[in-house]
Amino acid sequence: MLEAKLQQAALLKRLLDSIKELVTDANFNCTEEGIHLQAMDNSHVALVAVKLDADGFKKYRCDRPIPLGVNFASLTKVLKCAKDDDIVTIKADDDGDVLNLTYEARYADRIAEYAVKLMEIDADSLDIPVTEYDARVTMPSSEFTRIARDLSLLGESVKIEVSKEGVRFSSEGEAANASILLKQTDAACQKYENYGKETKTEDDDDKEEGGSNKAKKGKVKKEDKDVDMEGDGNEDENNDDDGEFKAKSDDEGEDEKEDEEEEEEESSSKKRKKAPSKNGKPTKKAKKSEEGSPDVGVMIEMNQHVILTFSLKYLVNFSKSSTLSDTVQIMLSNDVPLLVSYTFGQGDIKYYLAPKIGEE
């Protein structure tokens with residue numbers, strides 16, 4: 001018997017919306033470890049693999065492995081009847097022919113029960129080998145969605161190139177061509193290096209130093225400016241501050257002389273001059289200029305130059321999983337299918353796409 005309870009129905013709704021156009025029906029394989037799905041599209045060009053860990057459920061019980069053959073169109077209709085914040089309970093008997101779903105309203109005494117007919121689907125599970133990819137790009141999923149959507153308006157294929165310069169997405173159409181280059185940022189290296197990992201967060205300084213050291217190990221080129229900001233860069237700031245504040249202190253001396261003659265101008269001149277001249281410290285405006293720098297949020301790890309061409313139609317479908325996670329990882333190797341991975345709280349969803357042959 002299977003019984004699984006989720007805190008929110010939004011997860012299942014978003015999950016089904018992500019793959020319903022790619023796969024029409026497939027088996028949800030339920031085991032003690034969780035629920036897994038693996039299916040290919042009709043053209044056998046793309047493969048989707050979903051993993052929902054047992055720990056991600058509020059309650060999970062599976063006595064023995066059970067395959068649940070489901071038609072995604074039917075299941076999507078049933079899930080639309082649930083609100084995003086409803087508590088969902090999934091039940092299925094060992095030899096049953098229906099999948100029972102119960103929706104419990106969180107803020108009302110309402111319980112809705114639905115039963116979806118199960119199908120017998122003969123599908124062989126594929127053993128996906130562990131691959132050492134030549135390049136990995138970690139970026140915001142919203143940016144990936146925008147790139148796939150924009151380029152799909154121009155052409156049918158996209159060329160993805162990962163080099164020392166960055167990651168470039170380019171497409172050629174009948175009416176226009178497009179090329180989008182994303183360069184890695186140092187802030188992204190710190191943000192994504194610890195993504196999904198447990199780290200010590202005792203001091204902010206430890207975070208910055210740990211992030212910079214890890215980024216150096218990840219074969220990601222770093223500029224010396226990052227180190228200068230913590231070390232040598234302070235000397236430049238001090239030099240600039242000395243010049244600024246000396247001039248201001250001279251102005252203050254002149255103001256004090258003028259203040260003795262005119263009492264009304266004394267208060268206004270002191271208020272204007274005292275703010276930027278305490279202890280020769282940098283002003284808040286200088287800090288804002290540093291913190292206000294734009295962050296593209298892309299991290300690139302590369303072993304060698306990679307350039308491959310893929311169908312944009314599939315990438316647009318993959319990008320629909322951005323509702324599950326705000327981060328996406330794109331992994332590439334020559335002569336190996338592309339891997340697009342989204343990780344969320346209850347598990348992950350991975351897409352594999354074969355490259356187009358004969359296009360450079």
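This is a predicted model: local features need pLDDT of at least 70, side-chain atom pairs count only at pLDDT 80 or more; totals for chains, interfaces and linings use all residues.
C62 is buried, at a relative accessible area of 8%. A disulfide needs the two sulfur atoms within 2.5 Å. The structure as a whole holds zero disulfides. C81 is another cysteine to look at: C81 is partly exposed, with a relative accessible area of 36%.

**Enclosed space**

How many cavities of 30 Å³ or more does a search of the whole structure find? The search finds two. Rolling a probe the size of a water molecule over the atoms shows where empty space is left.

The largest cavity has a volume of about 160 Å³. Its lining consists of 14 residues. L12, F28, L75, I90 and L99 lie nearest the centre of the largest cavity. Three elements each supply at least two lining residues: α1 (10–19), α2 (72–79) and β8 (98–104). The largest share, three residues, comes from α1. By class, the lining of the largest cavity has 14 nonpolar residues, with no polar and no charged ones.

The second largest cavity holds about 30 Å³ of space. F144, I147, A148, L151, V158, F169, L312 and L315 form its lining. Two or more of these residues come from each of α3 (141–152) and α10 (312–318). Helix α3 gives the most, with four residues.

**An open pocket**

The second largest pocket contains about 660 Å³ of space. It is lined by 28 residues. Nearest the centre of this pocket lie L37, Q38, A39, S125 and L126. Which classes make up the lining of the second largest pocket? Its residues divide into 14 nonpolar, eight polar and six charged.

Strands supply part of this lining. β2 (25–30), β3 (34–40), β4 (46–53) and β18 (347–353) each give at least two residues to the second largest pocket. β3 has the largest share, with five. Domain 1 (2–117) and domain 2 (135–194 + 296–353) each provide at least three residues of the lining.

**One side of a helix**

Helix α4 spans residues 186–193. Which of its residues are buried? They are A188, C189, Y192 and E193. These four cover an arc of only 115 degrees around the axis, so they sit on the same side of α4.

**Loop residues**

| Residue | Loop between |
|---|---|
| H44 | β3 and β4 |
| D95 | β7 (87–92) and β8 |
| I128 | β9 (111–117) and β10 (135–140) |
| D335 | β16 (327–333) and β17 (336–344) |

Begin with backbone angles. Most residues other than glycine have a negative phi, and most peptide bonds are trans. H44 is not a glycine, yet its phi is positive, at about 60 degrees. H44 counts as exposed, with 56% relative accessibility. D335 is not a glycine either, and its phi is positive at about 65 degrees. Is D335 buried or exposed? At 74% relative accessibility, D335 counts as exposed.

D95 and M1 are 94 residues apart along the chain, and their C-alpha atoms are separated by 8.7 Å. D95 is exposed, with a relative accessible area of 73%. I128 is partly exposed, at a relative accessible area of 35%.

Conventions: Residues are numbered from 1 along each chain as its sequence is written. Side-chain values use heavy atoms; hydrogens and water are left out. On a 1 Å grid over the protein atoms alone, a cavity is a set of points where a 1.4 Å probe fits but cannot get out, and a pocket is an open set with protein on both sides within 12 Å along at least five of seven lines; lining residues have an atom within 4 Å of a point. Grid points are joined across faces, edges and corners, and a volume is the space filled by probe spheres set on the points. Ala, Val, Leu, Ile, Met, Phe, Trp, Tyr, Cys and Pro count as nonpolar, Asp, Glu, Lys and Arg as charged, and the others, Gly among them, as polar. Domain bounds come from an automatic or database domain assignment. Buried means under 20% relative accessible area, exposed over 50%, partly exposed in between (1.4 Å probe, protein chains only). The arc is that of the directions from the helix axis to the C-beta atoms.
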